[in-house]
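The stops below can be selected one after another.

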Amino acid sequence: MMLRGVPRCGAGAATRARLPLMQCVAALLPLGQQALAARRQDEALERLTAVVSLEPGRAEVQAQVGELLRERGRDEDAARHYRRAVEAQPALRQRLSLLMD
């Protein structure tokens, strides 16, 4: 996976040039959160989607990706991320229940 400003993530043929999974998430998550805070939604969506593709159990990030997708009118994709958030953290069910339908 290659995102602007972030080294390649994961294992592969060129492992010397790639970051281990945990380092990738550690690099991508704050960049995604900063982009979200700065209202750079396209960048935030790209980086946060990369985070949940590497670590799908990150419930809050799944919910954030769902919200970004919902804002773009991609309701089915958003609902899928909301469901994943609730699967990872059932306590989110009440907060996300209206958005999941």
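A salt bridge here is a side-chain nitrogen of Lys or Arg within 4 Å of a carboxyl oxygen of Asp or Glu. Select D77 and R74 to see one: their side chains meet with N and O 3.1 Å apart. Before going further, note that this is a predicted model, in which local features need pLDDT of at least 70, side-chain atom pairs count only at pLDDT 80 or more, and totals for chains, interfaces and linings use all residues. Residues are numbered from 1 along each chain as its sequence is written, and side-chain values use heavy atoms, with hydrogens and water left out.

**Whole chain**

Show the cartoon. The protein has five helices and two strands, and from the N terminus the order is β-β-α-α-α-α-α. Helices (H or I, at least four residues) and strands (E, at least two) are DSSP runs, numbered from the N terminus.

Switch to a surface. The protein exposes about 6100 Å², and carbon and sulfur atoms supply 52% of that area. Accessible areas come from the Shrake-Rupley method with a 1.4 Å probe; for residues, only the protein chains shown count as cover. Buried means under 20% relative accessible area, exposed over 50%, and partly exposed in between (1.4 Å probe, protein chains only). Of the 101 residues, 35% count as buried.

Contact means heavy atoms within 4.5 Å. Among contacts with a separation of 6 or more, 37% are between residues 24 or more positions apart.

**Two loops**

Select R39, in the loop between α1 (21-37) and α2 (41-54). Its phi is near 60°, a positive value in a residue other than glycine. R39 counts as exposed because its relative accessibility is 70%.

Next, select E55, in the loop between α2 and α3 (59-71). Is E55 buried or exposed? E55 has a relative accessible area of 17%, so this residue is buried. Leaving out residues up to four places away in sequence, E55 touches M22 and V25.

**The core**

Select L48, V51, V61, V65, A85, L92 and L96. Of the 24 residues in the largest nonpolar core, these touch the most other members. Such a core is a set of buried Ala, Val, Leu, Ile, Met, Phe, Trp, Tyr and Cys residues joined through side-chain atoms within 4.5 Å. Helices α1, α2, α3 and α4 (75-88) are the elements that give two or more residues to this core. The largest share, seven residues, comes from α2. In soluble globular proteins, nonpolar side chains tend to be buried together.

Stay on V61 and display its surroundings. Not counting residues up to four places away in sequence, V61 touches L29, Q33, L48, V51 and V52.

Then pick A50, which sits in helix α2. With a relative accessible area of 5%, A50 is buried. Draw a C-alpha to C-alpha distance from A50 to V65: the two are 10.0 Å apart in space and 15 residues apart in sequence.

**Helix α4**

Select residues 75-88. Helix α4 has 14 residues and reaches 20 Å from its first C-alpha to its last, close to the 20 Å expected at 1.5 Å a residue. The expected span is 1.5 Å times one less than the number of residues.

Which residues of α4 are buried? They are A78, A79, H81, Y82, A85 and V86. Seen down the helix axis, the buried residues of α4 fall within an arc of 165°, so they line one face. The arc is that of the directions from the helix axis to the C-beta atoms.

Side chains of opposite charge can pair when their charged atoms come close. A search of the whole structure finds eight salt bridges. One of them joins E60 and R95, with the closest N and O atoms 3.4 Å apart. This pair links distant parts of the chain: E60 is in helix α3 and R95 in helix α5 (residues 93-100), 35 residues apart. E60 is partly exposed at 37% relative accessibility, and R95 is partly exposed at 49%.

Now select R70 and E67, whose salt bridge is 2.6 Å, N to O. Because R70 and E67 are three residues apart in helix α3, about one helical turn separates them. R70 is partly exposed at 34%, and E67 is partly exposed at 24%.

Finally, return to the opening pair. D77 is partly exposed, with a relative accessible area of 21%, and R74 is partly exposed, with 39%.
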